[in-house]
Amino acid sequence: VIKTPSYVVSPGAGDDYRCFVVDLEHAGTEYLTGLSVTPGDKRVVHHVVLFHAKGAAAAEAKARDKADPDAGYTCFGDAGVEAGIIGGWAPGTAVARYPADSGIPLDGSGVVIVQMHFYPGLQPTEDSTTIGLSLAESVTYPARIGGSADRQLAVAPGQTQATSSIAWNLYGGTSTVHGVFPHMHKRGTRLRFDLVNDKGRT
């Protein structure tokens, strides 16, 4: 179990994206097979994304945390450092259990970066969120969560519609896709996914 430090969400400040850095307590590599998220105050927690960073990226995240006078540091879209997504939560999400015999490797020398999207209330609200991590010493199928985004998409003033297309290659060898999770901020209205094989068929 890990827990984010106490953070006070200020009223009327608009969406607040905050990253908190939490040390892992195991040695070596273990595999994340499931997780649960319990917000400290559901009234202000919009969603949570978990990242894993190690080495220089973990050190950079800690430096950002230390440089910010409040707990954590400001971030939007990702962790602000090189880090892989390991899970997420939104209201209504049950305990997440990854497919049987699979798990995401977590280097114990690294850190978990908890990105919180807070939506302020009418008065200062304190939150400290608890996250349960289910870990295994080994799995048959090491897994990962991949992400793809068009960060260069530009919408001109007055433009009523804009489209973007991204091609993303699966990892080498044989891969099993267990699911997709579309997500857009602010203006997105529609997403479509096509799985294309080596013969160009969908």
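## The disulfide

A disulfide is a pair of cysteine sulfur atoms within 2.5 Å. In this predicted model, a search of the whole structure turns up one of them, and it joins C19 to C75 with an S to S distance of 2.2 Å. The torsion about the S-S bond of C19 and C75 is about 100 degrees, so the disulfide is right-handed. The pair ties together distant parts of the chain: C19 belongs to strand β3, while C75 sits in the loop between β6 and β7, 56 residues apart. (Strands are DSSP runs of E with at least two residues, helices are runs of H or I with at least four, and both are numbered from the N terminus.)

Are these two cysteines buried or exposed? C19 is buried, at a relative accessible area of 0%, and C75 also counts as buried, at 7%. Here buried means under 20% relative accessible area, exposed means over 50%, and partly exposed lies in between, with a 1.4 Å probe and protein chains only.

A note on conventions: residues are numbered from 1 along each chain as its sequence is written, and side-chain values use heavy atoms, with hydrogens and water left out. As this is a predicted model, local features need pLDDT of at least 70 and side-chain atom pairs count only at pLDDT 80 or more, while totals for chains, interfaces and linings use all residues.

## The sheet and its helix

Let us turn to the sheet around β3. Five strands form an open, antiparallel sheet in the order β6-β3-β10-β5-β7, where two strands pair if DSSP finds at least two bridges between them. The edges are taken by β6 and β7 (84–89), each with a single partner strand, so one side of each has no neighbour in the sheet. Two bridges join β3 to the antiparallel β6, and R18 stands opposite T74 in β6.

Helix α1 lies across β3, β5 (45–53), β6 and β10 (111–118), and runs at about 120 degrees to β3. Such angles run from 0 to 180 degrees between N-to-C directions, with axes fitted to C-alpha atoms, for helices over the stretch in contact. Contact means heavy atoms within 4.5 Å.

## Salt bridges

How many salt bridges does a search of the whole structure find? There are five, each a side-chain nitrogen of Lys or Arg within 4 Å of a carboxyl oxygen of Asp or Glu. One of them pairs R18 with D68, with the closest N and O atoms 2.6 Å apart. R18 is in strand β3 (residues 16–23) and D68 in the loop between α1 (55–67) and β6 (73–74), 50 residues apart. Both residues are buried.

Another links D23 and K62 at 2.9 Å, N to O, and it spans 39 residues from strand β3 to helix α1. D23 is partly exposed at 45% relative accessible area, as is K62 at 40%.

## Nonpolar cores

A nonpolar core is a set of buried Ala, Val, Leu, Ile, Met, Phe, Trp, Tyr and Cys residues joined through side-chain atoms within 4.5 Å. The largest has 23 residues, and V48, L50, V114 and F118 touch the most other members. Strand β10 gives the most to this core, with four residues.

Beyond its neighbours within four places in sequence, V114 has contacts that include R18, C19, V48 and I131. Apart from this core lies another, of 14 residues, among them C19, V21, F51 and I113.
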